Amino acid sequence: LRKNVEDFTGPRERSDLGFVTFDITADILNNKKILTSIFSIFDWNVKQLFLYLSAEYSTKNNALNQVVLWDKIMLRGDNPRLFLKDMKSKYFFFDDGNGLKGNRNVTLTLSWNVVPNAGILPLVTGSGHVSVPFPDTYETTKSY
Amino acid sequence: AGRAVVPPRSGPAMLSLDFLDDVRRMNKRQLYYQVLNFGMIVSSALMIWKGLMVVTGSESPIVVVLSGSMEPAFHRGDLLFLTNRIEDPIRVGEIVVFRIEGREIPIVHRVLKIHEKQNGDIKFLTKGDNNAVDDRGLYKRGQHWLEKKDVVGRARGFVPYIGIVTILMNDYPKFKYAVLFLLGLFVLVHRE
């Protein structure tokens with residue numbers, strides 16, 4: 001479960017730069033719908049989870065774009081519940097071109113990579129995602 | 001009843017030489033046998049390796065992590081199992097092993113951004129978990145993105161520590177020769 005507030009876009013050279021601030025309320029343990037598997041994600045073979053919030057969208061230039069906005073390493077033993085508010089993206093949200101302007105369909109999803117002590121490395125996508133529409137105009141003031 | 005007549009050997013010196021001849025002859029056959037056995041083991045190992053290359057689609061299905069740029073997930077010496085199937089699309093969050101043009105050593109990092117066109121052409125950016133910045137500084141001069149052709153494979157599974165042996169063998173060549181020598185000795189001496 002997540003909530004999001006998007007800010008504004010600004011062109012840098014010739015590419016759109018998006019700024020998104022977001023809140024993450026995630027209960028990683030309980031992401032599974034079946035209650036019985038509550039404790040199963042951090043089992044004996046899980047060393048850590050690599051969480052990342054990615055934005056996915058389509059533009060005229062590119063059929064599919066995915067940009068990681070934020071990531072976090074959650075080690076076994078760390079609190080599996082996240083309550084992050086007003087987070088700024090860790091990485092610049094540049095588009096390859098000007099596809100963010102007026103883009104109504106930018107989807108933010110939280111996913112994670114399960115890193116075991118030994119074995120397979122699966123990528124899991126969290127349930128729930130948020131759509132973030134970008135405005136049609138650029139902001140020229142930089143109040144980031 | 002006749003008695004088998006054994007011609008007498010002329011003295012103890014000749015006796016020992018004959019004995020050595022026998023031993024030498026016996027050992028030569030066994031030596032050839034062991035060498036063939038050894039050859040079979042090497043060929044089987046190579047076949048398994050080639051088979052892995054075919055199944056995974058990667059030219060290097062198993063790699064050893066050389067740097068600490070993906071800690072705490074992977075450390076130096078960890079072994080990674082890769083696949084490189086064309087049908088698997090490259091998506092953010094995946095751990096890819098790629099080579100920068102002109103460099104021999106492959107790098108293991110995570111995909112940070114992708115921009116994919118309708119026809120499947122994709123350009124992507126990578127970053128090591130333990131690095132503060134993305135990999136643009138590592139790419140070739142003027143290169144801002146990686147492409148499918150730079151990818152050696154995607155990390156699908158891993159085993160910790162085991163690759164340390166190859167790192168040791170690389171850093172300390174004497175250790176490598178010692179290991180090879182011992183292996184060869186073991187195979188030649190061991191009877192199946």
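**Reading the contacts**

Analyst: Start with Glu101(B) and Lys149(B), whose side chains meet in a salt bridge at 3.3 Å, N to O. The pair spans 48 residues, linking the loop between strand 3 and strand 4 of chain B with the loop between strand 6 and strand 7 of chain B. A salt bridge needs a side-chain nitrogen of Lys or Arg within 4 Å of a carboxyl oxygen of Asp or Glu. Helices (H or I, at least four residues) and strands (E, at least two) are DSSP runs, numbered from the N terminus. The model is predicted: local features need pLDDT of at least 70, side-chain atom pairs need 80 or more, totals for chains, interfaces and linings use all residues, and side-chain values use heavy atoms without hydrogens or water. Residues count from 1 along each chain as written, with chains lettered from A and ligands numbered from 1 in written order.

User: Which residues are linked with Glu101(B) in a network of salt bridges?

Analyst: In general, side chains of opposite charge can pair when their charged atoms come close. Here the network joins Glu101(B), Lys140(B), Lys149(B) and Asp150(B). Lys140(B) meets Glu101(B) at 3.4 Å, N to O. That pair is 39 residues apart, with Lys140(B) in the loop between strand 5 (122-127) and strand 6 (146-147) of chain B and Glu101(B) in the loop between strand 3 (95-98) and strand 4. Over all chains, the structure holds nine salt bridges.

User: Is Lys149(B) buried or exposed?

Analyst: Buried means under 20% relative accessible area, exposed over 50%, partly exposed in between (1.4 Å probe, protein chains only). Lys149(B) is exposed because its value is 57%. Glu101(B), at 41%, is partly exposed. So is Lys140(B), at 37%.

User: Where are Asp129(B) and Arg110(B), which also pair?

Analyst: Their side chains form a salt bridge at 3.0 Å, N to O. Asp129(B) sits in the loop between strand 5 and strand 6, Arg110(B) in strand 4 of chain B, 19 residues away. Asp129(B) is buried at 12%. Arg110(B) is buried at 3%. Both also line the largest cavity.

User: How do I read a cavity, and what volume does the largest have?

Analyst: On a 1 Å grid over the protein atoms alone, a cavity is a set of points where a 1.4 Å probe fits but cannot get out; a pocket is an open set with protein on both sides within 12 Å along at least five of seven lines, and lining residues have an atom within 4 Å of a point. Points join across faces, edges and corners, and volume is the space filled by probe spheres set on them. The largest cavity has about 70 Å³. Its lining draws on both chains, including Phe50(A), Tyr52(A), Gly93(B) and Leu112(B). Strand 4 (107-116) of chain B gives the largest share, three residues.

User: And how many residues line the largest pocket?

Analyst: There are 16, with Trp49(B), Ile62(B), Val63(B), Val64(B) and Thr166(B) nearest the centre. The pocket holds about 550 Å³. Helix 2 of chain B supplies the largest share of the lining, four residues.

User: What about the backbone: which residues does a cis peptide bond join?

Analyst: Most residues other than glycine have a negative phi, and most peptide bonds are trans. Glu71(B) and Pro72(B) are joined by a cis bond, with omega about 0°. Pro72(B) is in the loop between strand 1 and strand 2 (79-83) of chain B. Tyr161(B), not a glycine, has a positive phi of about 70°. Tyr161(B) lies in the loop between strand 7 (151-159) and helix 2 of chain B. At 63%, Tyr161(B) is exposed.
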